[in-house]
Amino acid sequence: MHTSRDRFLDVVRAGAILAVIAQHWIMPVLSYSDGHLATGNALATPGWWVVTWLSQVMPLVFFAGGAANLISFRRAASTQQWLAGRIKRLMVPVLPLMAVWLIVPDFLRGLGVPPQPLQVGSAIAAQLLWFLAVYVLVVLLTPLMVAAHRRWGLKVPLVMGAAGILVDVARFNDFGYIGYANAIFVWVAVHQLGFHYVEGRLGSLTRRGALALSAAGFGVTALLVAFGPYPASMIGMPGAPVSNMSPPTVLLAFLAVGQIGLLLAFRPQLNALAARPGIGDALGWLGARFMSVYLWHMPALVVVAGVTVYGLGYQTPAPGTVFWLAMAPAWFAACGMVLFGLLRLFAHFEMQRDTAVATAKVPQLVAAGLMVSGGLLGLAAHGFAPLSDGIARGPVPWVVLATAGFLLAGKQIPVVDLLGRAVTVSERATLPGLKR
């Protein structure tokens, strides 16, 4: 079992978030005319679907999350403390995002922004909350899945994958809504593979074994695309009848195997890269702000698009053209500058140190997590509509639900030793009454 910080996981997490940002900033094909913002997807360009086999990195996020969750769960003083800490840590960075976007739509409406581009921007700011909604559910399941991992090992992700296949069979035979069950089966299966990296054969694969695993994962993915009902793109495309992401198909579990194997094959090189002083510092900086970067990179895009496309009449060049390639660096730089400014304002919420002990019991924490997940999922589905459209029909009920879950997770009382010094997380396990 890994006991010290795993640089490979740091690289995977950092690479994943950078790939998410790059994909989301490169995708929009935007133009504005007569009150309407036209939105297209550059990755819908013929042949560009192959990019998504590497740029769709949500499987890697769940894989790295599974590894990190197992490591932290093993170190936690109790299941209660672990769940409370995870729910709080995931929800705290969302609070300023919700507060800002409760105000912004009405502010923009007051400036005269037409309804359609306002709706597009407000939806974009909220849509990525789907990940947190699902991830909170995965966190709630983690104590059970750790126990299952201890007892049944590799059989657990295999069974979850088999369940995912059955869900897809039903989905593609006129039971469409059942496909959303794979938000659990697929992502928990990938999350479970992270356990097997920490405590299993994945963590000890040779390069040849890792490349064989990668070939198997990508190979099955290719076969299912060629002969099954699955689209070639690993992200949803405008107008496509089927999406591999919403809801997720079992194809993403096989894609995860391919991606994980490929990265494991180059783990020594990635560890060496992470050991370099400058790279190590960058990984530490990004790791401390991971959720904030994720949450605010789309609002940064909204700001840049609002100023350039709506305000200045800029139109995205045809994807793949010389002009598009020439403008991409400037577009990325503008989005990056805005994101950095937003992080200066809001990242400190995420970076607060946890030196507290939760008072809520496990059943209360589970209820809190379900409320948080439901609220975030509602926001992801409905967006941040202007409050002037009506309180009940807008984002307020979902914000209230998520915030209530956050509060239900309970107070956290600082642990103070006899000298009045706040006790660190690593010291808690040594204190009477705080052992698991």
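This is a predicted model: local features need pLDDT of at least 70, side-chain atom pairs count only at pLDDT 80 or more; totals for chains, interfaces and linings use all residues.

Biologist: How many salt bridges does the structure hold?

Modeller: Side chains of opposite charge can pair when their charged atoms come close. The structure holds 2 salt bridges (a side-chain nitrogen of Lys or Arg within 4 Å of a carboxyl oxygen of Asp or Glu). In one, the closest N and O atoms of Arg-74 and Glu-199 are 3.1 Å apart. Arg-74 lies in helix 3 and Glu-199 in the loop between helix 9 and helix 10, so the pair ties together parts 125 residues apart in sequence (helices are DSSP runs of H or I, at least four residues, numbered from the N terminus). Asp-389 and Arg-109 also form a salt bridge, at 2.9 Å from N to O. Asp-389 is in the loop between helix 16 and helix 17 and Arg-109 in helix 5, so this pair links parts 280 residues apart in sequence.

Biologist: At what angle do the axes of helix 7 and helix 16 cross?

Modeller: At roughly 160 degrees, the axes coming within 7 Å (lines fitted to C-alpha atoms over the stretch in contact, with angles from 0 to 180 degrees between N-to-C directions). That makes helix 7 roughly antiparallel to helix 16 (angles over 145 degrees). Residues in the contact (heavy atoms within 4.5 Å) include Trp-130 of helix 7 and Gly-369 of helix 16.

Terms used: Residues are numbered from 1 along each chain as its sequence is written. Side-chain values use heavy atoms; hydrogens and water are left out. Helices (H or I, at least four residues) and strands (E, at least two) are DSSP runs, numbered from the N terminus. Angles under 35 degrees count as roughly parallel, over 145 as roughly antiparallel, 65 to 115 as roughly perpendicular and the rest as oblique.
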